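Please follow the fold step by step, with the sequence and the coordinates side by side.

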Amino acid sequence: MAELTQDDLGDDRSLLLVDDDEPFLKRLAKAMEKRGFEVETADSVAAGTAIATARPPAYAVVDLRLEDGNGLDVVEVLRERRPDSRIVVLTGYGAIATAVAAVKIGATDYLSKPADATDITNALLSKGDDLPPPPENPMSADRVRWEHIQRVYELCDRNVSETARRLNMHRRTLQRILAKRSPK
């Protein structure tokens, strides 16, 4: 996308960032401020919902999984309070079902982490049916697989046998995968 101007953002440049990953949240807030947004941050569903209720922003970037709940709850409040708000949902666990749920609730777009500030800005400012360009650095298939396994492992309370059963995988194979570092 070309260099942004004030006209691209509109009169209301308010942006709500909701993510429980503090280093990521700080870096993204700084990058979005440099792009002309007036940023407000929240690190939980409760804080995000409070800001969305009190001062509904023109733009929002909401993480799907937060420590105190689901980011889609914040999206719902934003849609009720400000229907014209442009919302991007971020997640480390990209899945079609959650993408569909996010869009049905009212998200403008859905991006998998790691998404950089340029990808997020392009998604927030895309007009109409124009799709933003594909990400410059998408996750590899190995990384997506690893993220999915980690997610199921966490949902099974870190029980290897139960995780292996749900993934239809041999337990020892799963143990070897879990012992390795995450792929790039």
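In this predicted model, strands β1 and β2 pair in the parallel sense, with 5 bridges between them, and within this pairing V18 stands opposite A42 of β2. On β1 there is also a parallel pairing with β3, made through 4 bridges, in which L16 has A60 of β3 as its bridge partner. Strand β1 is mostly covered, since 5 of its 5 residues are buried.

In a regular strand the side chains alternate between the two faces of the sheet. In β1, S14, L16 and V18 point one way while L15 and L17 point the other way, and all of these residues are buried.

These pairings belong to an open sheet of 5 strands, which follow the order β2-β1-β3-β6-β7 with parallel pairing. Because β2 and β7 (109–112) stand at the edges and each has a single partner strand, one side of each is left without a neighbour in the sheet. From one strand to the next, the twist averages 20°. Helix α3 (residues 45–54) packs on this sheet, where it touches β1 and β2, and its direction makes about 140° with that of β2. Helix α4 (residues 72–81) also packs on the sheet, touching β1, β3 and β6, and the direction of α4 makes about 180° with that of β6.

Together, β1, α2 and β2 make a right-handed β-α-β unit. Helix α2 covers residues 22–34, and at 1.5 Å a residue its 13 residues should span 18 Å, so the 19 Å between its end C-alpha atoms agrees with that expectation. Just after α2, G36 takes a positive phi of about 105°.

Which residues of α2 are buried? They are F24, L25, L28, A29, A31 and M32. An α-helix has 3.6 residues a turn, so residues three or four places apart point the same way. The buried residues of α2 pack against the strands β1 (14–18), β2 (38–42), β3 (59–63) and β6 (86–91), and also against helix α6 (117–125).

Seen as a whole, the protein contains 9 helices and 7 strands, and buried residues make up 42% of its 184 residues. Among contacts between residues at least 6 apart in sequence, 61% join residues at least 24 apart. The accessible surface comes to about 10,800 Å², and 49% of this belongs to carbon and sulfur atoms.

Note on methods. Residues are numbered from 1 along each chain as its sequence is written. This is a predicted model: local features need pLDDT of at least 70, side-chain atom pairs count only at pLDDT 80 or more; totals for chains, interfaces and linings use all residues. Side-chain values use heavy atoms; hydrogens and water are left out. Helices (H or I, at least four residues) and strands (E, at least two) are DSSP runs, numbered from the N terminus. Buried means under 20% relative accessible area, exposed over 50%, partly exposed in between (1.4 Å probe, protein chains only). Contact means heavy atoms within 4.5 Å. Accessible areas come from the Shrake-Rupley method with a 1.4 Å probe; for residues, only the protein chains shown count as cover. The expected span of a helix is 1.5 Å times one less than its number of residues. Two strands pair if DSSP finds at least two bridges between them. A crossover is right-handed if, with the strands pointing away from the viewer, the path from the first strand over the helix to the second runs clockwise. Axes are lines fitted to C-alpha atoms, for helices over the stretch in contact, and angles run from 0 to 180 degrees between N-to-C directions.
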